[in-house]
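This briefing covers selected features of one structure. The sequence and coordinates are shown below, followed by points grouped by topic.

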Amino acid sequence: MDLFLQTLVNGILIGGILICLTIGFQLTFGVLHVIDFAVGGWTMLGGYTAYWLVTLAGIDPFISIFLVFALFLLIGRGLGPLIYHVRTSRYARPDLMALAFTFGIFLFMRGGALWLWSYNSRSVDSVLSGQFLSLGPVTIPLMRLSAFLLAMLFSLGLFILLYRSRFGMAVRALAQNHDHAGLMGVDVKRVSAWVYGIYTALTASAGVLIATIYSVNPSVGIRYTLFAFFVAVLAGLGSVGGVLVAGLALGLLEAYVATYIGARYSLLIVFGTLYLVLLVAPKGVLGRGI
Amino acid sequence: MNHKFSRRKFLRNSLLGTGAMTLGFPALNVNAKEHKIRVGVVTSLSGANRFGGNLTRRGYDLWAEEINKLGGIEIEGKRYPVEMFYGDAQSRPASGADAAERLIIQDEVDVLFGPYTSGVTLAVQPISQKYRVPMISGSAESPNVWLAKPAFNFGMIPAVDLTTDKSMVVLAENLGDRAKTASVIGVDEPFSKETAEGFRKGVEESGLDLLSYELFPANSDLSAIVSKLKSSNPDIVAVGGHEDIFINFVSTAKALNYKPKALIMHYGVTSAAFINETGPESNGILGVSVWTEGLPYKDELFGTASDYSELSFSRWGTRPDYTEAACSASGLVLQDAARRLGKAPPWDQGTRAELAKAIEDTDIETFYGPVGFAKEGSHYHNNTKPVPAVVQIKSGDVVPVAPENASKGELVYPIPGTS
């Protein structure tokens, strides 16, 4: 029973990490209709930035996460118009061109990380690293709990932004129809650029927590890109709400399979289940977008 | 006398001069080659494995520098300097094979020194076989390299399944009655799986009770695995994987309030990067190393293992690890084989085949340890002689703790703060 409860906690906390990773990705797909291959790259760069801030300036990740958020908001905002330009290109299949474009960005990030930080794994220390909370037989790692809480905070903040602000209204209008939103006076290009900025900021912030929980090296990007894709597909591409359900479901499934069936089969069963769900509900768990 | 410059005379003289040079150059070239042994190094000088690739280069270069200080390799009383040529494998097997072919055809090397990773080695060894150029590999550790029974390739580091197997036996013998159970986990990928398999074999050979053996995908979150280990709490936990998995295991275990009584991993734990990244948590962790500077081995060129370490430190500014040591010892193997071959370079294809036979018959003691290549079985042409040392991290230092002849300190068991 103790192991069962611990597995429950482990699963929920893994879910938190998956939600953190995917929430911004969903937003950018919902609004820009871009499948951003660089999602793992932003995660990796967020982790490395936190690594630099903690080693060079001694800034704890729980403070540097705000700096990382602000920095990547600006970077994403700067890159946003380019993504928008590629996505709305008059040439054939701009959706595929955007995918290829973000893949190029991802490769650039990976090469840059190799050059700057070499191949070795780096861990990011925080005041909460290795700290835990014991509740009877269950141990709750505080870093993972923080990531989970942050995922909830991200989701809440995003919902407030989307449903309680004029900017959010413009974002939702864009998600529904770019042309109509433009005709109603929404500055499509500008809002799209800010959405991309919010996405990179959220994903890089998730990277700070992920690097603190695990470690970061230039090859982790592809791993997180895959995870973000799978959570997003299960959630229903573009559905921010669905990410919460899908992230938790995948986290719990992975934890229980690894504990009671065998870790070797965890990803096989998780992704097998994902394909089955998609056969039954191809629009994702909530069946709708933003 | 007419000293007038004539175009016809100029052209005739130029033609004669060029002809003489063209005819004379090969003779000069052959003459130059006669006095040197041309060694080609295929390794990853760029790409993801460039760090390890450069370690191999350092090891090979250090040997070349030292032997050239003496005038070169001694054959039949005469010394032949060594000339090094480099081919960048770019961390890709196919590029490694191309680089090897270039070294053999364009640079006309007499012998190859092998790549950093087993993957590149597997791609390069058919090339060495095709052109019958002996290759001494200072770094390949996967048993798959030797399963192919390469006629011209020789591996200095015992395959990972041998080292992990032997190290677990050594550890169990040292712990005696204090350890009765063990669990083995590993990443489900070729190298890590072979490491884990070796640990499992060692557990069975040493009579320990194997509580669990589990492989997991490289991308797994380790919390479930650590929770299970915490629940069963074996006396020894062995992990097969690479450095990032080790770091993740240590941090996940710490976050879940679990500290195994003994945690043994593989070579990566002895690297400065691992110790830096895990900080005080690395204290007490056990690793496996086929070579450390504290081992009681020596030879004529480098002196003792400790002398080699000092020499390498003064040359490169960092302490050598087992990879650098094995690569430098590759040169000692070539030296010994060339001396026994007794034929002056350059070596034609037939002579190179004789050289390969001489390398196969190697039986020497070096600062790196004993070298002798298996002539049959699943580890064909792998140096199976070294007995790995079990090392333990103590306050950031890597200290050999077993077997007895290599020990420089007490094995701390259980690790303080154990669950």
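In chain B of this predicted model, strand β1 (residues 37-43) runs parallel to β4(B), and seven bridges join the two. Within this pairing, V41(B) has Y86(B) as its bridge partner in β4(B).

**The sheet around β1 and β4**

- The sheet is open and consists of five strands of chain B, ordered β4-β1-β5-β6-β7, with parallel pairing.
- Its edges are formed by β4 (82-88) and β7 (153-155) of chain B, each of which pairs on one side only.
- On average, neighbouring strands of this sheet are turned by 25° against each other, direction ignored.
- In general, strands of a sheet pair through backbone hydrogen bonds, in either a parallel or an antiparallel manner.

**Helices across the sheet**

- Helix α2 (residues 50-69) of chain B lies across β1, β4, β5 (111-113) and β6 (135-137) of chain B, and its direction is at about 170° to β4(B).
- Helix α4 (residues 118-130) of chain B lies across β1, β5, β6 and β7 of chain B, and runs at about 160° to β6(B).

- S289(B) belongs to strand β12 (residues 286-289) of chain B.
- S289(B) counts as buried because its relative accessibility is 3%, under the 20% cut-off.
- A polar atom of the S289(B) side chain lies 2.6 Å from the backbone oxygen of W291(B).
- Leaving aside residues up to four places away in sequence, S289(B) touches Y267(B), Y322(B), P388(B), A389(B) and V391(B).

Terms used: Residues are numbered from 1 along each chain as its sequence is written. Chains are lettered from A and ligands numbered from 1 in the order in which they are written. This is a predicted model: local features need pLDDT of at least 70, side-chain atom pairs count only at pLDDT 80 or more; totals for chains, interfaces and linings use all residues. Side-chain values use heavy atoms; hydrogens and water are left out. Helices (H or I, at least four residues) and strands (E, at least two) are DSSP runs, numbered from the N terminus. Buried means under 20% relative accessible area, exposed over 50%, partly exposed in between (1.4 Å probe, protein chains only). A polar contact is a pair of N or O atoms within 3.5 Å; within protein, one must be able to donate a hydrogen and the other to accept it, and residues adjacent in sequence count only if both atoms are side-chain atoms. Contact means heavy atoms within 4.5 Å. Two strands pair if DSSP finds at least two bridges between them. Axes are lines fitted to C-alpha atoms, for helices over the stretch in contact, and angles run from 0 to 180 degrees between N-to-C directions.
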